[in-house]
Amino acid sequence: MYNVSENYLTAVKQASRDFTETYMYINNIKVTTDNIEKFEINYSIGSSDKLTIGNANTSKISVSVIVSQDTPAQFANSVIPYAVLLDSVERCEIPLGIFKIDKESVIKTDLLVTFDAYDIMYDYDYVIYNRTQCTTTRQLLSELVSYYDVKIHDISIFEDLPWNKTLEGLTVRQIIQELALLYGSNAMIDREGYLIFVKPIYCCFQMDASNYIEFRKENDEITKVSKLSAVASIEMDEEV
């Protein structure tokens with residue numbers, strides 16, 4: 001969980017909140033709002049519309065960067081986007097995560113460079129080699145940290161539950177899913193690149209139309225116009 005100030009928590013809940021800037025570092029080169037044509041981010045801790053546990057989903061961003069003299073020459077490594085919220089008290093810069101560019105998704109034209117990038121969960125789909133037979137969940141978490149580069153803030157905060165499954169043939173992500181299921185939660189990578197387990201909790205914060213920008217309901221149904229035809233007008237007699 002990323003810690004923010006009380007001023008930020010107050011400002012972000014206001015209907016008039018204003019994220020004035022989005023910028024990102026691509027291969028340690030800063031790309032500002034002026035050069036970002038499109039930025040979409042998808043966080044998800046569930047795999048369906050229904051509430052489930054035991055998931056370990058990957059967060060994804062889709063970006064289009066305007067080509068200029070400041071555009072990075074290579075799009076191959078990390079992307080760290082930030083959102084900037086201004087209020088009457090302070091400027092709040094919030095990191096949105098640490099992502100790795102999918103090289104296969106990079107499309108370059110004379111005007112734009114578009115790409116997708118994923119957080120580290122995307123790289124956990126490889127089968128592990130079983131070093132030791134773990135008997136508790138804390139032992140397993142320590143194994144993931146020591147040998148598989150999984151970052152965890154503090155293993156001691158997790159309940160130490162019995163573990164009697166073999167690791168043979170499982171990927172790192174599948175092990176994380178099993179742990180999430182045992183802890184009654186869903187796993188995700190936080191904004192600083194650490195593995196966390198999120199339990200469903202009751203939330204009493206309510207939102208209405210004032211919390212949305214340009215909220216407008218036009219029609220209950222979506223109508224698609226697939227073809228238009230034009231014909232020459234026909235002059236009618238005045239008397240019918």
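Let's start at Tyr-118, which sits in strand β9 (residues 112-118); strands here are DSSP runs of E with at least two residues, helices are runs of H or I with at least four, and both are numbered from the N terminus. The model is predicted, so local features need pLDDT of at least 70 and side-chain atom pairs count only at pLDDT 80 or more, while totals for chains, interfaces and linings use all residues. Residues are numbered from 1 along each chain as its sequence is written, and side-chain values use heavy atoms, with hydrogens and water left out.

Tyr-118 counts as buried because its relative accessibility is 16%, and buried means under 20% relative accessible area (exposed is over 50%, partly exposed in between; 1.4 Å probe, protein chains only). Leaving out residues up to four places away in sequence, Tyr-118 touches Thr-58, Ser-59, Lys-60, Ile-98, Phe-99, Lys-100 and Asp-102, where contact means heavy atoms within 4.5 Å. Val-79 is 39 residues from Tyr-118 in sequence, yet their C-alpha atoms are 9.1 Å apart.

Now follow β9 to its partner. Strands β4 and β9 run antiparallel and are joined by 7 bridges; two strands pair if DSSP finds at least two bridges between them. Ser-64 has Thr-114 of β9 as its bridge partner. Strand β4 (residues 60-66) also pairs with β3 (residues 36-42), again in the antiparallel sense, over 6 bridges. Strand β4 is mostly covered, with 5 of its 7 residues buried.

Next, the nonpolar cores. A nonpolar core is a set of buried Ala, Val, Leu, Ile, Met, Phe, Trp, Tyr and Cys residues joined through side-chain atoms within 4.5 Å. The largest has 26 residues, and those with the most contacts inside it are Ile-176, Leu-179, Leu-195 and Phe-197. Two or more residues each come from α2, α3 (172-182), β10 (186-189) and β11 (195-198), and α3 gives the largest share, 5 residues. A second, separate core of 14 residues includes Met-24, Val-63, Phe-99 and Ile-101. In soluble globular proteins, nonpolar side chains tend to be buried together.

Finally, look at Thr-137 in helix α2 (residues 137-148). Thr-137 is buried because its relative accessible area is 0%. Its side chain makes a polar contact with the side chain of Tyr-183 at 2.9 Å; such a contact is a pair of N or O atoms within 3.5 Å, and within protein one must be able to donate a hydrogen and the other to accept it, with residues adjacent in sequence counting only if both atoms are side-chain atoms. Beyond four places in sequence, the residues that Thr-137 touches include Trp-163, Leu-179 and Leu-182.
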